[in-house]
Amino acid sequence: NGSNGSKGASKVSEKQIKRLIAIAIKKGYNAEQLSGMVYKKYQKATNDLTKEEYDVIVSGLEKLADKN
């Protein structure tokens, strides 16, 4: 699947990104660490995630024990 355009899977909204960061912070990670995790898994920036990728990251974070 070599499509590069903005067509296809829709990207996450700003509201979803804020929620993702809030979940990461609750789990003891900062926004920079979250970006690193996203890049390691998908080789893209957090705001370039598709909604499907976002769901995978959210569920993964929610399974983690709180670091605090």
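At the start of helix α2, a side-chain oxygen of N30 comes to within 3.0 Å of the backbone nitrogen of E32. The model here is a predicted one, so to speak read with cut-offs: local features need pLDDT of at least 70, side-chain atom pairs count only at pLDDT 80 or more, and totals for chains, interfaces and linings use all residues. Residues are numbered from 1 along each chain as its sequence is written, and side-chain values use heavy atoms, with hydrogens and water left out.Overall, the chain has three helices and zero strands, in the order α-α-α from the N terminus. Helices (H or I, at least four residues) and strands (E, at least two) are DSSP runs, numbered from the N terminus. Of the 68 residues in the chain, 28% are buried; buried means under 20% relative accessible area, exposed over 50%, and partly exposed in between (1.4 Å probe, protein chains only). Among contacts between residues at least 6 apart in sequence, 70% join residues at least 24 apart, a contact being heavy atoms within 4.5 Å.

Now to α2 itself. This helix takes in residues 31-42, 12 residues in total, and reaches 16 Å from its first C-alpha to its last, close to the 16 Å expected at 1.5 Å a residue (1.5 Å times one less than the number of residues). Its buried residues are L34, V38 and Y42. They cover an arc of only 45° around the axis, which puts them on the same side of α2; the arc is that of the directions from the helix axis to the C-beta atoms. The buried residues of α2 pack against α1 (14-26) and α3 (51-63), while the face turned away from them carries the exposed residues E32, Y39 and K40.

V38, in helix α2, counts as buried at 0% relative accessibility. Neighbours within four places in sequence aside, V38 is in contact with Q43, K44, A45, T46, L49 and I57. E53 is 15 residues from V38 in sequence, and their C-alpha atoms are 9.1 Å apart in space.

Most residues other than glycine have a negative phi. In Q43, which is not glycine, phi is positive, near 55°. Q43 is also exposed, with a relative accessible area of 52%.

As for charged pairs, the structure holds four salt bridges, each a side-chain nitrogen of Lys or Arg within 4 Å of a carboxyl oxygen of Asp or Glu. One of them joins the side chains of D48 and K11 (3.3 Å, N to O). That pair links distant parts of the chain, 37 residues apart: D48 sits in the loop between α2 and α3, and K11 in the segment before α1. D48 is partly exposed at 33% relative accessibility, and K11 is partly exposed at 46%.

Another salt bridge pairs E14 with K18, with the closest N and O atoms 3.5 Å apart. Both residues lie in helix α1, four residues apart, or about one turn of the helix. E14 is exposed at 57% relative accessibility, and K18 is exposed at 53%. K44 and E53 form a salt bridge too, their closest N and O atoms being 3.0 Å apart. Here K44 is partly exposed, with a relative accessible area of 22%, whereas E53 is buried, at 14%.

Methods
Polar contact = N/O pair within 3.5 Å; in protein donor to acceptor, adjacent residues only side chain to side chain.
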